Amino acid sequence: MNFSLSRLEVMKHIEKYIQDAYNDFLTPVDKIWQPADLLPVASSENFFEEVKQLQDSAKELSYDLVAVLIGDTITEEALPTYETWLAGIEHVSQDRNGPWSKWVRAWTAEENRHGAALNTYLYLSGRVDMRKMEISTQYLIADGFDIGTDKDPYRNFIYTSFQETATNLSHRRVAQFAKQQGDTLMAKLCGHIAADEARHAKAYKAFVARILEIDPNEMLLAFEDMMRKKIVMPAHFLREMGLKIGQTFGHFTDAAQRLGVYTATDYTDILKDLVDEWKLDQLTGLNDAGEKARDYLIALPDRLNRVAERMKTPTLEYKFSWIHA
């Protein structure tokens, strides 16, 4: 994909904002929570008692909620794929001490805790066939992913703005359902993860806002392109042992839809929130292509809502190889 030099100039211009984001939207390592702060620690005298309490609470979680938790965990653990993808973006400095490289590493470091925490919880819960889950994680990393952004920073920032917002919502909803089903530990854990995702979403949305100030036409075209392709989830290649790429993902999203963890309406609501957040209706000085892209994006939420209203909640209950009971 070829871009004019202005792309490079724009990314150079916003480096200072990426540096600011490092301080504004990330938490110092010595102050941020760690999985060991929330989960039973084997060196504790109360370890076995705490594990028993965790397992008793986990028994009360619904099948679909456990399936969503496992899918979320595998998604979080495929972090090497996401870091590699972001590190390969073009038109940004590859200086390891530059703002972009530091941001990607620090963002990855925060995100890495999520998979570690969720994996440990599921391991201790006794409800999961860990080997089969681990096979799915290895598949997902080995298979890689294609989120339709190519190496374009504009499209990647649109994607991460949307995806981090969706992940915040999903983890927040899981926390709510876990609390309703009596698992306060899982609720607290997912609440902490959701808070991290909210900070990360704010950062990527801030990057887009800065670019819209100086290169609105190209950013609008990138936004339009991503929405025409549809935002795919990072785990859309998810599969279990013996299945083809992506065959498990549909069952995972069905479980999330049935529960109300993440629905077609949520997808539309996130899009509308981004349109409002970036004040697309107030942008001026656009060329014809920019105007058409803006008009398309502003009208799209209503169109998608009409489609979502006609969608039926999935009823097929799939039995995942990951879950014991």
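Student: Is T160 buried or exposed?
Tutor: In this predicted model, T160 is part of helix α9 (helices, H or I of at least four residues, and strands, E of at least two, are DSSP runs numbered from the N terminus). Its relative accessibility is 9%, and the buried class means under 20% relative accessible area, exposed over 50% and partly exposed in between (1.4 Å probe, protein chains only). At 9%, T160 therefore counts as buried.

Student: Which residues are in contact with T160, leaving aside its neighbours within four places in sequence?
Tutor: The C-alpha atoms of T160 and D143 are separated by 20 Å, the two residues being 17 apart along the chain. Leaving aside neighbours within four places in sequence, the residues in contact with T160 are L86, T165 and Y204.

Student: Which residues does F157 touch, not counting residues up to four places away in sequence?
Tutor: F157 is also found in helix α9, and with a relative accessible area of 1% it is buried. Q247 lies 90 residues from F157 along the chain, and their C-alpha atoms are separated by 28 Å. Not counting residues up to four places away, F157 touches M11, I14, W100, Y204, F207, V208 and I211.

Student: Which residues are in contact with T137, leaving aside its neighbours within four places in sequence?
Tutor: T137 belongs to helix α8, residues 130–143. Its relative accessibility is 9%, so T137 counts as buried. With neighbours within four places in sequence left aside, its contacts are I74 and E77.

Student: Which helices do the buried residues of α12 pack against?
Tutor: Helix α12 spans residues 249–259, and its buried residues include F249, F252, A255, A256, Q257 and L259. Just after α12, G260 takes a positive phi of about 90°. The buried residues of α12 pack against α5 (63–77), α9 (153–180) and α13 (264–277).

Student: Are α2 and α7 roughly parallel or roughly antiparallel?
Tutor: The axes of α2 (residues 15–24) and α7 (residues 99–125) come within 9 Å and cross at roughly 30°; axes are lines fitted to C-alpha atoms, for helices over the stretch in contact, with angles from 0 to 180 degrees between N-to-C directions. E15, I18, Q19, A21 and Y22 of α2 meet P99, W100, K102, W103 and A106 of α7. Angles under 35 degrees count as roughly parallel, over 145 as roughly antiparallel, 65 to 115 as roughly perpendicular and the rest as oblique. The helices α2 and α7 are therefore roughly parallel.

Student: At roughly what angle do the axes of α6 and α7 cross?
Tutor: Helix α6 covers residues 79–87, and its axis comes within 10 Å of that of α7. The crossing angle makes α6 roughly antiparallel to α7. L79, Y82, E83 and L86 of α6 make the contact with W100, V104, R105, W107, T108, E111 and N112 of α7. The axes of α6 and α7 cross at roughly 170°.

Student: How many Å apart are the axes of α13 and α14?
Tutor: α13 packs with helix α14 (residues 288–310) at an angle of about 165°, which means that α13 is roughly antiparallel to α14. A264, T265, Y267, T268, L271, K272 and V275 of α13 meet L297, I298, L300, P301, L304, N305 and A308 of α14. The distance between the axes of α13 and α14 is 9 Å.

Student: What is the phi of H91, which is not a glycine?
Tutor: H91 is placed in the loop between α6 and α7. Although H91 is not a glycine, its phi is positive, at about 70°.

Student: Is K230 buried or exposed?
Tutor: K230 sits in the loop between α11 (216–229) and α12. Its phi is positive, about 80°, although K230 is not a glycine. Its relative accessibility is 53%, so K230 counts as exposed.

Terms used
Residues numbered from 1 in each chain as written. Predicted model: local features only at pLDDT ≥ 70, side-chain atom pairs only at ≥ 80, totals over all residues. Heavy atoms only, no water. Contact = heavy atoms within 4.5 Å.
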